[in-house]
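Open the structure in a viewer and keep the selection panel at hand.

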Amino acid sequence: MADDYDFHGTHPASPRPDAVPVRWIPVQQRPGAARVRAYTCECLSLVFEQCMAGGQGFIRRYDRSVFPWDIAESPRVRVVDAMALWRQLMTGEAK
């Protein structure tokens, strides 16, 4: 039987050579409230959250390899477009 620490969340694929760059917008203050619909595993230094706020969707990125953490967000778009971006990040089609 596996112990609880053996379970991990979603790990995004490594970006492919032809991955589309995302325009990440640095978050200067504490990130605003958002509903997190999906997230990547906490065991990695780069963590992503698929978020919704104000009827729009976006991806929030935490770079925990530096201190203080770098926090950035994708542009806010229609929810369906944010879901497509999430899939691209998870499959390595975006970086």
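Two strands pair if DSSP finds at least two bridges between them. Helices (H or I, at least four residues) and strands (E, at least two) are DSSP runs, numbered from the N terminus. This is a predicted model, in which local features need pLDDT of at least 70 and side-chain atom pairs count only at pLDDT 80 or more, while totals for chains, interfaces and linings use all residues. Residues are numbered from 1 along each chain as its sequence is written, and side-chain values use heavy atoms, with hydrogens and water left out.

**The sheet**

Show the strands as a cartoon. Five of them make an open sheet in the order S1-S5-S4-S3-S2, with antiparallel pairing. S1 and strand S2 (35-39) stand at the edges with a single partner strand each, so one side of each has no neighbour in the sheet.

Now select strand S4 (residues 56-63). Six of its eight residues are buried (under 20% relative accessible area; exposed is over 50% and partly exposed in between, with a 1.4 Å probe and protein chains only). S4 runs antiparallel to S3, and eight bridges join the two. Select Leu46 to find its bridge partner in S4, Asp63. At the turn of the S3 and S4 hairpin, which has two residues between the strands, Gly54 takes a positive phi near 60°.

Move to strand S5 (residues 70-73), which is antiparallel to S4 and joined to it by four bridges. Here Asp63 has Asp70 as its bridge partner in S5, and Tyr62 has Ile71. The hairpin of S4 and S5 has six residues between the strands. Pro68 lies in that loop. Which peptide bond is cis? The bond from Phe67 to Pro68 is, with omega near -5°.

**The rings**

Show the aromatic side chains. Rings of Phe, Tyr and Trp (its six-membered ring) pair if their centres lie within 6.5 Å; planes under 30 degrees apart count as stacked, over 60 as edge-to-face and the rest as tilted. By this rule there are two aromatic pairs. Trp24 and Phe48 form a tilted pair, 6.0 Å centre to centre with 35° between the planes. This pair links distant parts of the chain, 24 residues apart: Trp24 is in the segment before strand S1 (25-26) and Phe48 is in strand S3 (residues 46-53). Trp24 is buried at 16% relative accessibility, and Phe48 is buried at 8%.

Next select Tyr62 and Trp69. Their ring centres are 6.2 Å apart and their planes at 80°, so the pair is edge-to-face. Tyr62 is buried, with a relative accessible area of 14%, whereas Trp69 is partly exposed at 45%.

A charge sits over a ring if NZ of Lys or CZ of Arg is within 6 Å of the ring centre and within 35 degrees of the ring normal. Arg76 has its charged end over the ring of Phe58, 4.0 Å from the centre.

**The pocket**

Finish by selecting Pro12, Ala13, Ser14, Pro15, Trp24, Leu44, Leu46, Phe48, Arg61, Leu89, Ala94 and Lys95, which line the largest pocket. On a 1 Å grid over the protein atoms alone, a pocket is an open set of points where a 1.4 Å probe fits, with protein on both sides within 12 Å along at least five of seven lines; lining residues have an atom within 4 Å of a point.
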